[in-house]
Amino acid sequence: MNINFKFLLLGTTLSLIPNVLYAQCAETDCLKLGYTSLQKCDNGLKCPFGEYWACPQKQCDNSYQYTCTGTNEQVGTEKCGDKYKSCNCASGYEWKDGKCKEKLTPILGQCTGYAKNCKIGQILNSDGTCTTNKVSGKTPIGVVIYISSDRKCGQAIALDFINKNKWSSSLDDISALPNYRTVGDAISDYDSCGNTKKITQKGAADIYPAAWAAVDYAPSAAPETKGKWCLPAAGIWNSAFINFDIITSTLAIIRAKPLMQNYWGSSEHDYGFAWEFCTDIDACSKGIGFSAKKISQHIRPVIEF
């Protein structure tokens, strides 16, 4: 409420003019003169013609900055002038970073859009949330190593590895899987779980032990995630290589097993070879190489979120 106190003082002065002139010239309606409060206020002026008060406008600090007129926004509860500290949001939305954003529920093993709240190198917890540090009441089960370009989907690597095993015990080409003959082509493959499903559908664990080992994995902190872990695609391993330092740092902070082995990927090279993640960078390009399927390598599963 904007009050012109000089004008109000003029009204008070006019009340001292003789009654005849006062009746002809002066305004006596308190509301019209700007006296709008029935409550007495500090540093306020009382209307000389009634019980109304004129109260000075509250000075608003910078925390009052939202009009709450945007999409899915509703007026908040803390108001100063015509601005609010925050806005209430329509159903299905939450107030975050100064906006009403779609409220997303993390579901391990599914891409629900929650990954937009996460960053590579953060901890993935058993409740599906991402945190930069360990949080009381939350249990880490992985470290984020990939976020899709649209930031809707992510993948996190397990905190432990599975002992060495073959990619395949036979030399055959899985027709449902693309053959990636170059590193540049291989690192375009991010479909870890899609690849893993095609491999396990092709044959049993004695034929494709690496993929089945990933599917059968589950951390003790989240046994309900069994069946949701996958063998990483080459593009996911390339993301791990690009972000190796921050991922390694987070693994160390939460005392998880470091990335110090060669690990199988789910991307196929051809009938006899499959792509892998290499810690021996001299032997690989961009941390990615390929090995004969019958060679034993470690397995480090990922989970989508």
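The model is a predicted one, and residue numbers follow the chain as its sequence is written.

Strands of a sheet pair through backbone hydrogen bonds, either parallel or antiparallel. In this model, 6 strands form an open sheet in the order 10-9-11-12-19-14, and the pairing is antiparallel. Strand 10 (130–131) and strand 14 are the edge strands, each of them pairing on one side only. Between strand 9 and strand 10, which run antiparallel, there are 2 bridges. Isoleucine 123 has threonine 131 in strand 10 as its bridge partner. Helix 7 packs on this sheet and touches strand 11, strand 12 and strand 19. The direction of helix 7 makes about 95° with that of strand 11.

In helix 8, which spans residues 244–253, the residues Ile247, Thr250 and Leu251 are buried. Seen down the helix axis, the buried residues of helix 8 fall within an arc of 100°, so they line one face of the helix. The face turned away from this buried side carries the exposed residues Asp245, Ala252 and Ile253. The buried residues of helix 8 pack against strand 9 (123–125), strand 11 (140–147) and helix 7 (234–242). After helix 8 comes arginine 255, whose phi is positive, near 60°.

Helix 5 covers residues 192–202, and its buried residues are Ser192, Cys193, Gly194, Asn195, Thr196, Ile199 and Thr200. Among the elements against which these buried residues pack are two helices, helix 6 (209–215) and helix 7. The strands that they contact are strand 12 (154–158), strand 14 (229–230), strand 15 (263–268) and strand 19 (302–304).

A disulfide is a covalent bond between the sulfur atoms of two cysteines. With sulfur atoms within 2.5 Å taken as the criterion, the count comes to 8 disulfides. Three of them are described here.

The link is left-handed, with -105° about the S-S bond. Cysteine 41 has a relative accessibility of 18% and therefore counts as buried; cysteine 55, at 12%, likewise counts as buried.

Another disulfide joins cysteine 60 to cysteine 80, with an S to S distance of 1.9 Å. Because cysteine 60 lies in the loop between strand 2 and strand 3 and cysteine 80 in strand 4 (residues 79–80), the pair ties together parts that are 20 residues apart in sequence. The link of cysteine 60 and cysteine 80 is left-handed, with -90° about the S-S bond. Cysteine 60 counts as partly exposed, at 35% relative accessibility, whereas cysteine 80 counts as buried, at 2%.

A further disulfide joins cysteine 89 to cysteine 100, with an S to S distance of 2.1 Å. Cysteine 89 lies in strand 6 (residues 88–89) and cysteine 100 in strand 8 (residues 99–102), so this pair ties together parts that are 11 residues apart in sequence. The torsion about the S-S bond is about -90°, so the disulfide of cysteine 89 and cysteine 100 is left-handed. Cysteine 100 counts as buried because its relative accessibility is 11%.

Serine 267 lies in strand 15, one of the strands against which the buried residues of helix 5 pack. With a relative accessibility of 1%, serine 267 counts as buried. Its side chain and that of aspartate 189 are joined by a polar contact of 2.6 Å. The side chain of serine 267 also reaches the backbone nitrogen of alanine 234, at 2.9 Å. Leaving aside residues up to four places away in sequence, serine 267 touches Tyr180, Asp189, Asn195, Ala233, Ala234, Ala274 and Trp275. Of these, Asn195 is one of the buried residues of helix 5.

Methods:
This is a predicted model: local features need pLDDT of at least 70, side-chain atom pairs count only at pLDDT 80 or more; totals for chains, interfaces and linings use all residues. Side-chain values use heavy atoms; hydrogens and water are left out. Buried means under 20% relative accessible area, exposed over 50%, partly exposed in between (1.4 Å probe, protein chains only). Helices (H or I, at least four residues) and strands (E, at least two) are DSSP runs, numbered from the N terminus. The arc is that of the directions from the helix axis to the C-beta atoms. Contact means heavy atoms within 4.5 Å. Two strands pair if DSSP finds at least two bridges between them. Axes are lines fitted to C-alpha atoms, for helices over the stretch in contact, and angles run from 0 to 180 degrees between N-to-C directions. A polar contact is a pair of N or O atoms within 3.5 Å; within protein, one must be able to donate a hydrogen and the other to accept it, and residues adjacent in sequence count only if both atoms are side-chain atoms.
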